[in-house]
Amino acid sequence: GKLNPEERINDLGRALVQQPFTISRVGTVAGCRVLAGTIERNCRIRVNRDGRGIGDYPLDSLRREKDDVKEAREGFECGMKLSGFNDLKEGDILEAYKIEEFARSL
């Protein structure tokens, strides 16, 4: 029980930013279409622009038509707000993933 837990990255899905919206007091919200997999609420997001990784941020909120949702599935549109990142542009690819920790054994 003294070994540090092993971390595994579990890829969840990808989304395309169709249109970013700037909202006062909130920041930039990305209007997205989910291309593959699902986007879940408590995941992390990798931002890719022009084939290069820009950053890695936690997902702050996930909405579908003004309602908070737990996940957005493939083919649906959703709104995403990233914590600490407001420079989203049309055409960015957002990759969702979770880091799972497993107890190590000898």
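Modeller: Contact here means heavy atoms within 4.5 Å. This is a predicted model, in which local features need pLDDT of at least 70, side-chain atom pairs count only at pLDDT 80 or more, and totals for chains, interfaces and linings use all residues. Residues are numbered from 1 along each chain as its sequence is written, and side-chain values use heavy atoms, with hydrogens and water left out.

Biologist: Which residues is Ile45 in contact with, leaving aside neighbours within four places in sequence?

Modeller: Ile45 is in contact with Gly55, Asp56, Tyr57, Leu59, Met80, Leu82, Leu94, Glu95, Ala96 and Tyr97. Ile45 is also, with Ile39 and Met80, one of the residues that touch the most other members of the largest nonpolar core, which has 22 residues. Such a core is a set of buried Ala, Val, Leu, Ile, Met, Phe, Trp, Tyr and Cys residues joined through side-chain atoms within 4.5 Å.

Biologist: Why does Thr38 count as buried?

Modeller: Buried means under 20% relative accessible area, exposed over 50% and partly exposed in between, with a 1.4 Å probe and protein chains only. Thr38 has 19% relative accessibility, and therefore counts as buried. Thr38 lies in strand β2, where strands (E, at least two residues) are DSSP runs numbered from the N terminus. Apart from residues up to four places away in sequence, Thr38 touches Leu12, Gly13, Glu71, Ala72, Arg73 and Ala96.

Biologist: What share of the largest nonpolar core comes from β2?

Modeller: Of this core, whose 22 residues include Ile39, the largest share, four residues, comes from β2.
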